[in-house]
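Here are a few exercises to work through with the model open beside you. Try each task yourself before reading its solution.

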Protein chains: 2
Amino acid sequence: MSARAGIVVTGTEVLSGRVNDRNGPWLAERLRELGVDLAYTTIVGDRPEDMHAALSFMARHELDLVLSSGGLGPTADDLTAEVVGRFQGREMVLDEALERRIAEIVEPLARRWANLDRRAIEEGTRKQATIPLGATVLAPVGTAPGLVVPPAEDGAGPTIVVLPGPPRELQPMWEQALQTEALRAAIKRATTYRQQMLRLFGIPESEIAETLRVAARDGVALERLEITTCLKGGEIEVVTRYEPPAEDAYQKLVELVRERHADTLYSLDGTSVDEQVATLLSGHTIATAESCTGGLLAARLSARAGASAYFKGAIVAYSDEVKVAQAGVPSELISAHGAVSEQVAEALADGARSRTKADIGVGITGIAGPSGGTEEKPVGLVWLSVAGPGEARVTRSVNLPGGRADVRERATTVAMHMIRRTLSELAR
Amino acid sequence: MSARAGIVVTGTEVLSGRVNDRNGPWLAERLRELGVDLAYTTIVGDRPEDMHAALSFMARHELDLVLSSGGLGPTADDLTAEVVGRFQGREMVLDEALERRIAEIVEPLARRWANLDRRAIEEGTRKQATIPLGATVLAPVGTAPGLVVPPAEDGAGPTIVVLPGPPRELQPMWEQALQTEALRAAIKRATTYRQQMLRLFGIPESEIAETLRVAARDGVALERLEITTCLKGGEIEVVTRYEPPAEDAYQKLVELVRERHADTLYSLDGTSVDEQVATLLSGHTIATAESCTGGLLAARLSARAGASAYFKGAIVAYSDEVKVAQAGVPSELISAHGAVSEQVAEALADGARSRTKADIGVGITGIAGPSGGTEEKPVGLVWLSVAGPGEARVTRSVNLPGGRADVRERATTVAMHMIRRTLSELAR
């Protein structure tokens with residue numbers, strides 16, 4: 001039996017849905033890498049009794065480790081350290097060395113703002129330096145220290161790792177937490193797992209479910225594989241976790257998926273289409289001319305570090321005037337076929353390419369909605385074209401479901417897959 | 001005492017962090033609108049025992065209502081209906097009318113894909129139509145029906161509303177659920193609350209904490225207001241919930257915030273900068289020329305329905321060549337001052353404006369990192385310029401913290417606020 005963990009995310013702003021939680025998912029990935037089984041993630045508001053109830057729930061289900069995020073700030077509603085201390089039956093004490101350290105960090109920040117209340121800052125610092133007796137301090141990344149708080153003296157219950165809410169503080173602090181004796185002791189039962197991901201684009205999830213039934217019928221030892229399939233922005237991810245001796249069963253499953261889904265399986269190693277496109281673009285340059293996606297494809301192509309090696313730029317041709325003047329789409333094409341048409345998509349791709357001197361141009365034009373649809377050209381219709389490198393040319397239309405934001409996102413993903421296919425066929 | 005609720009989000013793909021949960025936050029907002037207090041959101045994987053434990057936890061804490069999302073699909077790992085039925089002590093029965101209805105929905109979908117396994121589809125349909133005795137069926141939006149499952153016959157425990165995982169199915173189905181007698185009965189204790197939001201841009205959170213201390217000192221009845229402050233992408237949101245008789249206390253608080261934070265308070269009614277910019281742009285047109293943000297500002301300006309009334313387009317000038325050829329930046333400016341400079345930001349804004357014939361042009365150039373920084377121009381330095389309407393011109397630089405994605409996002413937000421300020425000063 002492997003070590004089990006829970007995550008408690010605190011913050012009324014997260015519970016109420018106003019802020020998206022980035023810490024739960026990130027910590028979940030880290031636990032998986034460690035081979036620790038995540039059983040629950042619970043989000044609670046800033047009420048101490050609710051946080052306490054969540055910890056009791058985790059303790060009752062015999063978890064070895066609980067990670068908490070948030071509630072470590074200097075203000076009165078930041079109560080995590082105190083609630084955790086009480087839960088673990090530990091007295092709260094002022095750590096004076098820590099107090100000096102936080103004061104040193106706060107000082108230059110405070111100087112950036114005029115008219116701050118000094119007394120308020122000192123009070124906040126003292127609060128942040130008051131910690132459960134016996135806890136290991138994790139040095140502040142921002143101003144808040146983290147904590148690893150061992151179980152109560154009688155040894156029952158989980159070890160609790162208390163981390164700050166801002167992801168850019170939490171993430172480096174987790175690396176520190178991993179070095180502590182207290183955390184290592186809590187997860188010593190962790191099993192080693194392998195985890196692999198397949199990605200497919202362009203088939204319904206039920207087809208994968210059917211492939212799994214066929215695998216079971218063919219005698220693949222599925223009971224040794226923990227498989228989850230998930231549909232995400234039009235892509236299917238098949239994630240399999242298993243102990244190393246089940247490698248054989250996994251390889252048989254992969255063989256079957258390759259055989260049955262050769263056209264749509266595009267990633268055997270979990271790499272995303274974004275990573276694959278970045279690699280395939282090596283030695284090429286690319287530019288886009290976008291209408292309905294409004295720059296989303298450009299933003300996606302420029303998102304990765306080093307994108308300047310292949311991404312030249314884009315023309316967001318939202319109005320027809322800009323399509324003509326900046327992307328060089330002949331206005332006759334627009335009058336003859338409409339702005340959302342095969343011809344205009346191709347002209348946009350050509351324009352992106354010629355105006356920026358890129359090897360590859362991508363054109364996108366469509367109806368994102370909610371208005372502007374007609375019977376012939378409904379909301380969700382998008383024409384996409386990839387021109388280049390060289391003589392390569394692919395143009396297609398798709399009918400995308402969902403609201404305006406869905407159509408824009410999905411069209412961007414379709415474009416990424418068209419770029420990937422074009423370049424990978426070329427590489428063959 | 002008001003009605004209390006919990007949310008249980010199911011799915012290993014959500015728990016493991018591979019998919020972001022959109023349902024928890026959305027349902028949280030709906031509960032708030034109803035005046036139902038949300039106590040916990042718990043995410044569990046596809047293991048029935050973990051789902052059962054999460055329901056037990058919610059029941060033990062005397063919640064009136066539990067909303068679950070996910071696990072209603074046709075495959076064997078979709079177990080929610082069965083787990084909920086067992087938890088409520090209700091027998092599972094096949095609803096034949098529902099089975100026919102699902103079959104009718106699935107039929108045309110099945111025809112779109114070649115070579116589907118008919119028997120597999122029938123099996124899935126039967127599974128989806130097998131529901132707890134006494135549950136109210138919510139008609140499928142996709143293929144999965146939802147359920148409102150009353151407490152066990154002895155009347156203890158929460159009413160459980162079982163909703164599908166895809167947001168575009170869950171959201172319309174929630175409207176149906178609201179009409180059911182079973183749900184109305186569960187929340188009859190709901191209190192009426194008012195909720196208001198203030199938004200500020202450009203001050204640290206500790207300043208708001210200090211303002212709240214001043215409010216307490218000045219005798220504002222803060223104990224009647226439930227206030228949460230939250231820092232989100234460089235903006236501060238102050239959300240206050242209160243019962244209607246506390247309106248007076250809230251108004252006093254608002255007065256104080258207006259007085260102390262006149263420069264940075266930009267929204268008294270919770271409207272976002274995106275909404276305000278869209279309104280302020282009425283009668284104007286806008287275009288952007290972006291380097292480091294790679295089209296993110298264009299994507300944001302074109303995100304709202306009706307954006308074509310004001311958004312003309314953009315030039316994503318990622319390479320210097322494109323800055324010169326497409327945005328009309330004089331190459332001498334780039335050699336003299338560097339691509340990341342006040343002069344180039346202004347030239348980009350001018351280029352965006354003149355090339356698209358927009359009233360307002362926005363230029364952005366910066367160093368998003370991780371490489372490319374120097375001592376003089378570190379990673380995070382971004383120059384932004386807004387030119388127009390008319391003679392208006394604002395140019396400034398910011399030093400943004402965080403990684404590449406943070407710098408790009410934050411620069412986009414700074415640009416939105418510069419556009420807002422320019423237009424709102426004009427409107428005075």
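**Exercise 1.** Find how strand 15 and strand 16 of chain A pair, and over how many bridges.

*Solution.* Start with the direction: in this predicted model, strand 15 of chain A and strand 16 (residues 381-387) pair in the antiparallel sense. Next, count the bridges: there are six. To locate one pair of residues, look at Thr365(A), which stands opposite Trp383(A) in strand 16.

**Exercise 2.** Now find how strand 13 of chain A runs relative to strand 15 of chain A.

*Solution.* Strand 13 (residues 286-290) and strand 15 run parallel, joined by five bridges. As a landmark, Ala287(A) stands opposite Gly361(A) in strand 15.

**Exercise 3.** Decide whether the two faces of strand 15 of chain A are covered or open.

*Solution.* Take one side: Ile360(A), Val362(A), Ile364(A) and Gly366(A) are buried. Then take the other: Gly361(A), Gly363(A) and Thr365(A) are buried too. Both faces are therefore covered, since a residue counts as buried if 20 or more other C-beta atoms lie within 10 Å of its own.

**Exercise 4.** Which residues touch the most other members of the largest nonpolar core?

*Solution.* The core has 119 residues, and the answer is Leu348, Ala352 and Val362 of chain A together with Leu348, Ala352 and Val362 of chain B. Leu348(A) touches residues including Ala289(A), Gly363(A) and Ser385(A).

**Exercise 5.** Find where strand 14 of chain A pairs with a strand of chain B.

*Solution.* Strand 14 (residues 311-317) of chain A pairs with strand 14 (residues 311-317) of chain B, antiparallel, over five bridges. Within this pairing, Val316(A) has Ala314(B) as its bridge partner.

Key:
Residues numbered from 1 in each chain as written. Chains lettered and ligands numbered in written order. Predicted model: local features only at pLDDT ≥ 70, side-chain atom pairs only at ≥ 80, totals over all residues. Pairing = 2+ DSSP bridges. Helix = DSSP H or I, 4+ residues; strand = E, 2+ residues; numbered from the N terminus. Core = buried A, V, L, I, M, F, W, Y, C linked by C-beta atoms within 7 Å. Buried ≥ 20, exposed ≤ 12 C-beta atoms within 10 Å, placed from the backbone. Contact = placed C-beta atoms within 7 Å. Lists of a residue's contacts leave out its neighbours within four places in sequence.
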